[in-house]
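Me: Hey, I've just opened this one and I'm new to it. Can you walk me through it?

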Amino acid sequence: MKEFIFSINISSSEFLPYYQGRIQSIVVTTVTGIRVEFPAIHLRKYLTSSGISGRFRLTTQNNKFFSLDKL
């Protein structure tokens, strides 16, 4: 398993196309500078009225999404 740590700060209006499924994946840059793409649906549970903000750990297994946790 691989772990990727990243921070995100996106307003609820900016996240709307992801929430509606019009944009299916999101690309983030980790703290080590690696660009990682994963399905945006996994961020939905962290959405608040002000958007999504915080530091997250993305875990992959065999280069496939495994889990996403807010740190």
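Reply: Going along the sequence, the protein chain has the pattern β-α-β-β-β-β. Helices here are DSSP runs of H or I with at least four residues, strands are E runs of at least two, and both are numbered from the N terminus. Before you read on, this is a predicted model: local features need pLDDT of at least 70, side-chain atom pairs count only at pLDDT 80 or more, and totals for chains, interfaces and linings use all residues. Residues are numbered from 1 along each chain as its sequence is written, and side-chain values use heavy atoms, with hydrogens and water left out.

Me: How many helices and strands is that in the protein chain?

Reply: One helix and five strands.

Me: And how compact is the protein chain?

Reply: Its radius of gyration is 12 Å, close to the 11 Å that the globule rule gives for 71 residues, so the protein chain is as compact as a globular protein of that length. That radius is taken over C-alpha atoms, and the rule is 2.2 Å times the number of residues to the power 0.38. The C-alpha trace spans about 30 × 20 × 20 Å along its principal axes.

Me: What share of the residues is buried?

Reply: Buried residues are 32% of the 71. Buried means under 20% relative accessible area, exposed means over 50%, and partly exposed is in between (1.4 Å probe, protein chains only).

Me: OK, on to the sheet. Which strands are in it, and in what order?

Reply: Three strands make an open sheet, ordered β1-β4-β5, with antiparallel pairing. Two strands pair if DSSP finds at least two bridges between them.

Me: Which strands stand at the edges?

Reply: β1 (2-10) and β5 (64-70) do; each has a single partner strand, so one side of each is left without a neighbour in the sheet.

Me: How many bridges join β4 to β5?

Reply: Six, and the two strands run antiparallel. Among the pairs, Leu 58 has Leu 68 in β5 as its bridge partner, and Gln 61 stands opposite Lys 64 in β5.

Me: What sits between β4 and β5?

Reply: They form a hairpin with two residues between them. Asn 62 is in that loop, and its phi is positive, about 55 degrees, although it is not a glycine. Asn 63 is in the loop between β4 and β5 too, with a positive phi near 60 degrees, again in a residue other than glycine.

Me: Is Asn 62 buried or exposed? And Asn 63, buried or exposed?

Reply: Asn 62 is exposed, with a relative accessible area of 70%. Asn 63 counts as exposed as well, at 67% relative accessibility.

Me: Switching topic: how many residues are in the largest nonpolar core?

Reply: It has 17 residues, and Phe 6, Ile 8, Phe 38, Leu 43, Ile 52, Phe 56 and Leu 68 have the most contacts inside it. A nonpolar core is a set of buried Ala, Val, Leu, Ile, Met, Phe, Trp, Tyr and Cys residues joined through side-chain atoms within 4.5 Å.

Me: Which elements each supply at least two residues of this core?

Reply: β1, α1 (12-19), β2 (25-29), β3 and β4. The largest share, four residues, comes from β1. In soluble globular proteins, nonpolar side chains tend to be buried together.

Me: What does Phe 6 touch?

Reply: Leaving out neighbours within four places in sequence, Phe 6 is in contact (heavy atoms within 4.5 Å) with residues including Val 28, Phe 38, Phe 56, Leu 58 and Leu 68.

Me: Where is His 42?

Reply: His 42 is in the loop between β3 (35-39) and β4 (52-61). At 27% relative accessibility, His 42 counts as partly exposed. Not counting residues up to four places away in sequence, His 42 touches Phe 65 and Leu 68. His 42 and Leu 68 are 26 residues apart in sequence, and 7.0 Å apart in space from C-alpha to C-alpha.

Me: Last one: is Ser 67 buried or exposed?

Reply: Ser 67 counts as buried, at 18% relative accessibility. Ser 67 is in strand β5, and beyond its neighbours within four places in sequence it contacts Arg 57, Leu 58 and Thr 59.
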